[in-house]
Amino acid sequence: MRAALRHGAATGLLLTALAACGGGRPVEESTGPEPSSPLVNGCLAATATDARGRPEVEIRFGGMTAYAYDPACVTVSTGTRLTFVGDFVTHPLAPGRIVRGMPAPLGETPIRQTETGERASFDVTRPGAYGFFCDIHVAEGMMGAVFVEE
């Protein structure tokens, strides 16, 4: 019994340590789709890939990246063209935030629902935080966000 308790406690400590040390992206804690929420689909602007000043940014998914976007979290400047590259039939792109495991209503977003093809581009012209996810694999954590700054 003691060994089982020690094992359970050790497992709990390991899970806590993994969560604290980035053993996965944090779970969405925002209560709504407002751009001021610091956490969007597991992404924080402070730790997102910095691609500000680049005219185009590619976000790849599927294939070698499996159920993930690369980069999943990115900061860009207004005027940037986002290009998603992958198989949209297998991984349909959806705009929005995931809150408590469910898609949340979303205001204006440059990202559009895409279910066919292998490339889709969107121009970001307004500052804000815009979430996106795979309609099929969101439960596996296939989601991300783009933070747009002037």
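The model is predicted, so local features need pLDDT of at least 70, side-chain atom pairs count only at pLDDT 80 or more, and totals for chains, interfaces and linings use all residues. Residues are numbered from 1 along each chain as its sequence is written, and side-chain values use heavy atoms, with hydrogens and water left out.

Strands are DSSP runs of E with at least two residues, numbered from the N terminus. Two strands pair if DSSP finds at least two bridges between them. Strands of a sheet pair through backbone hydrogen bonds, either parallel or antiparallel. Here, 5 strands form an open sheet in the order 3-6-13-12-8, and the pairing is mixed. Strand 3 (49-50) and strand 8 (93-95) are the edges, and each has a single partner strand, so one side of each lacks a neighbour in the sheet.

Strand 6 covers residues 73-77 and strand 13 covers residues 143-149. The two run parallel and are joined by 5 bridges. V76 has V148 of strand 13 as its bridge partner, and S77 stands opposite E149 in strand 13. Strand 6 also runs parallel to strand 3, with 2 bridges between them. In that pairing, T49 has V74 of strand 6 as its bridge partner.

Strand 6 is mostly covered, with 5 of its 5 residues buried. C73, T75 and S77 point one way from the strand, while V74 and V76 point the other way.

A disulfide is a pair of cysteine sulfur atoms within 2.5 Å. The structure holds 1 disulfide. C43 and C73 form it, with their sulfur atoms 2.1 Å apart. C43 lies in strand 2 and C73 in strand 6, so the pair ties together parts that are 30 residues apart in sequence. The torsion about the S-S bond of C43 and C73 is about -70°, so the disulfide is left-handed. C43 counts as buried at 0% relative accessibility, and C73 counts as buried at 13%. C134 is buried at 0% relative accessibility.

N41 lies in the loop between strand 1 (39-40) and strand 2 (43-44). N41 is buried, with a relative accessible area of 0%. Its side chain reaches the backbone nitrogen of I98 at 2.7 Å. The side chain of N41 also reaches the backbone oxygen of G144 at 3.1 Å.

Rings of Phe, Tyr and Trp (its six-membered ring) pair if their centres lie within 6.5 Å; planes under 30 degrees apart count as stacked, over 60 as edge-to-face and the rest as tilted. By this rule there are 6 aromatic pairs. The ring centres of F61 and F88 are 5.1 Å apart and their planes are at 55°, so this pair is tilted. F61 lies in strand 4 (residues 56-61) and F88 in the loop between strand 7 (81-85) and strand 8, so the pair ties together parts that are 27 residues apart in sequence. F61 counts as buried at 6% relative accessibility, and F88 counts as buried at 0%. F84 and F122 form an edge-to-face pair, 6.0 Å centre to centre with 70° between the planes. F84 lies in strand 7 and F122 in strand 11 (residues 119-123), so the pair ties together parts that are 38 residues apart in sequence. Both F84 and F122 are buried. Ring pairs link F61, Y69, F84, F88, F122 and F132 into a cluster.

Key: Helices (H or I, at least four residues) and strands (E, at least two) are DSSP runs, numbered from the N terminus. Buried means under 20% relative accessible area, exposed over 50%, partly exposed in between (1.4 Å probe, protein chains only). A polar contact is a pair of N or O atoms within 3.5 Å; within protein, one must be able to donate a hydrogen and the other to accept it, and residues adjacent in sequence count only if both atoms are side-chain atoms.
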